[in-house]
Amino acid sequence: MAQAKIQAKLSDAGGNKFTRTMSMADRSGQLLESLDQLEIRVEALRETASAMEQERDGILEMIQSIQNSQEMRNICAGEREELSLTANRLMGRAISVEISVGTIRNPQQEEALRKATCMIDEMVKKLLDNMESGRKQLLALHAACVSEAPPVPVDQKFQAIVIGCALEDQKKIKRRLDTLLRNVENAEKNIKIMDHQKLDDPKANGSH
């Protein structure tokens, strides 16, 4: 009888050999693998949202460029009004698309971003007061954000501040400066075109 019980226990032990629960290490490994896959998806999500944000900003910039273009000034008032209404409608619809990709920063990066933003804001004020002086400062700030050797002086103070910012903030700062630089160049072109037209206008020269 006792021998039969011993044999039964051995049989049970043998049967359970292949039905053991998963070990802690195996469970941990599976969970880690799942988190690694999710991390890839999270980064892809952030990259997609960032690309959408840039696409929206690019559309807004192109709408503004059309609104301020010389071609818009050269058409008759009725057509210009209709096109302006369409542009404003598109502007409103594009602005209504809200995309936000937050950036995790430590206190030092927060402070660096605040300083960089203040310097850019001050430069924009200077642009509005004095285009030529502001443009020189804009070029110096922009030169601080490019990897290749710039043909203009670099604002060393601004460069040190930007280096202290989070990587995503560095990219956003450069994109903002890129946009400002394009806007300034377009404004200068428009000023030259308008001034040239004024000089070519016979009435402006006192001729009849």
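Trainee: In this predicted model, does Asp169 count as buried or exposed, and at what relative accessibility?

Mentor: The model is a prediction, and in it Asp169 lies in helix H8, residues 167–200. Buried means under 20% relative accessible area. Asp169 therefore counts as buried, its relative accessibility being 3%.

Trainee: Leaving aside neighbours within four places in sequence, with which residues is Asp169 in contact?

Mentor: Asp169 belongs to helix H8. With neighbours within four places in sequence left aside, its contacts are Thr103, Arg105 and Leu113.

Trainee: Which secondary structure elements does the chain contain, and in what pattern?

Mentor: The chain has 8 helices and 0 strands. Read along the sequence, its pattern is α-α-α-α-α-α-α-α.

Trainee: What percentage of the residues of the chain count as buried?

Mentor: A residue counts as buried at under 20% relative accessible area. The chain has 208 residues, and the share of them that counts as buried is 24%.

Trainee: What share of the contacts with a separation of 6 or more comes from residues 24 or more positions apart?

Mentor: The contacts considered here are those in the chain with a separation of 6 or more. Among these, residues 24 or more positions apart account for 66%.

Trainee: How are H5 and H6 oriented to each other?

Mentor: Helix H5 covers residues 107–129 and helix H6 residues 131–143; their axes come within 6 Å and cross at roughly 150°. Angles over 145 degrees count as roughly antiparallel. H5 is therefore roughly antiparallel to H6.

Trainee: Which residues make the contact of H5 with H6, and how many of them are nonpolar, polar and charged?

Mentor: H5 passes H6 in a left-handed crossing. H5 contributes Met119, Ile120, Met123, Lys126, Leu127 and Asp129, while H6 contributes Met131, Ser133, Gly134, Arg135, Gln137, Leu138 and Leu141. By class, the contact of H5 with H6 has 7 nonpolar, 3 polar and 3 charged residues.

Trainee: Is Leu138 buried or exposed, and with which residues is it in contact beyond its neighbours within four places in sequence?

Mentor: Leu138 is found in helix H6, and because its relative accessibility is 0%, Leu138 counts as buried. Leu138 and Leu180 are 42 residues apart in sequence, yet 8.0 Å apart in space, C-alpha to C-alpha. Leaving aside neighbours within four places in sequence, the contacts of Leu138 are Met123, Leu127, Leu177, Leu180, Leu181 and Val184.

Trainee: How are H2 and H4 oriented to each other?

Mentor: H2 and helix H4, residues 77–95, pack at an angle of about 165° with their axes 10 Å apart. The crossing of H2 and H4 is left-handed. Angles over 145 degrees count as roughly antiparallel, and H2 and H4 are therefore roughly antiparallel.

Trainee: Which residues meet where H2 packs on H4, and how many of them are nonpolar, polar and charged?

Mentor: From H2 come Arg56, Ile59, Leu60, Ile63, Gln64 and Gln67, which meet Ala87, Asn88, Leu90, Met91, Ala94 and Ile95 of H4. By class, the contact of H2 with H4 has 8 nonpolar, 3 polar and 1 charged residues.

Trainee: Where does Asn68 lie, and how far apart in space are Asn68 and Ala187?

Mentor: Asn68 lies in the loop between helix H2 (24–67) and helix H3 (70–74). At 47% relative accessibility, Asn68 counts as partly exposed. Asn68 and Ala187 are 119 residues apart in sequence, and their C-alpha to C-alpha distance is 8.7 Å.

Trainee: Which residues of H7 are buried, and which exposed residues does the face turned away from the buried side carry?

Mentor: In helix H7, residues 156–163, the residues Phe158, Ile161 and Val162 are buried. Seen down the axis of H7, the buried residues fall within an arc of 100°, so they line one face of the helix. The face of H7 turned away from the buried side carries the exposed residues Gln156, Ala160 and Ile163.

Notes:
Residues numbered from 1 in each chain as written. Predicted model: local features only at pLDDT ≥ 70, side-chain atom pairs only at ≥ 80, totals over all residues. Heavy atoms only, no water. Axes fitted to C-alpha atoms, helices over the stretch in contact; angles between N-to-C directions. Helix = DSSP H or I, 4+ residues; strand = E, 2+ residues; numbered from the N terminus. Parallel < 35°, antiparallel > 145°, perpendicular 65-115°, else oblique. Left-handed = near helix turned anticlockwise from the far one by under 90°. Contact = heavy atoms within 4.5 Å. Nonpolar A, V, L, I, M, F, W, Y, C, P; charged D, E, K, R; others polar. Buried < 20%, exposed > 50% of the residue type's maximum accessible area, 1.4 Å probe, protein only. Arc of directions from axis to C-beta.
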